[in-house]
Amino acid sequence: MAEQNRIKRELESRALSERPKQWMPPELLPEPDKEAGYEYRWIRVSMMGKQDGRNVSTKIREGWEPVKVQEQPQFKLLTDPNTRFEDGIEIGGLLLCKTPKEFVEQRTAYYARQNQAQAEAVDNNLMRQSDARMPIFKERKSSTSFGTGT
């Protein structure tokens, strides 16, 4: 009988044949584990050592609420020990906050309407200055063309 080249089963694992992990620089802000139905954002609470109470107050009134360390336990060692937000996750002057996705969608729609109203106001003001001898056309399309390829 021909001798077969057999490797012991315990030496045949995939873990032994994987490439060694590569060093990578750390992320500036770690990504939280997402909870269904919520959006997450890092909110500025201080910059260059000065508290930014106005920004925090605005974001809280918009519906953002600080995420508790109990909700994201992987951040326990990373948080700033001198934070003024008890049980909050603050890293480098930024506080992790969350809000329901509905609020984000409503906010996006609100600012889209504001943008549309401003664009229409500018157009109306521009068209008011139009002269019949030299009319102003408002064309809001752009196109890209490539060579004919012949």
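How many aromatic pairs does a search of the whole structure find? The search finds two, a pair being rings of Phe, Tyr and Trp (its six-membered ring) with centres within 6.5 Å.

The model is predicted, so local features need pLDDT of at least 70 and side-chain atom pairs count only at pLDDT 80 or more, while totals for chains, interfaces and linings use all residues. Residues are numbered from 1 along each chain as its sequence is written, and side-chain values use heavy atoms, with hydrogens and water left out.

Select Trp 42 and Phe 75. Their ring centres are 6.2 Å apart and their planes stand at 85 degrees, so this pair is edge-to-face (planes over 60 degrees apart; under 30 is stacked, the rest tilted). Trp 42 belongs to strand β1 (residues 38-44) and Phe 75 to the loop between β4 (65-66) and β5 (90-91), 33 residues apart; strands are DSSP runs of E, at least two residues, and helices runs of H or I, at least four, numbered from the N terminus. Both Trp 42 and Phe 75 are buried (under 20% relative accessible area; exposed is over 50%, partly exposed in between, with a 1.4 Å probe and protein chains only).

Next, select Tyr 110 and Tyr 111. With centres 5.0 Å apart and planes at 80 degrees, these rings are also edge-to-face. Tyr 110 is partly exposed at 39% relative accessibility, and Tyr 111 is partly exposed at 43%.

Finally, select Lys 59 in helix α2 (residues 53-62). Leaving aside neighbours within four places in sequence, Lys 59 is in contact with Arg 41, Ile 43 and Trp 64 (heavy atoms within 4.5 Å).
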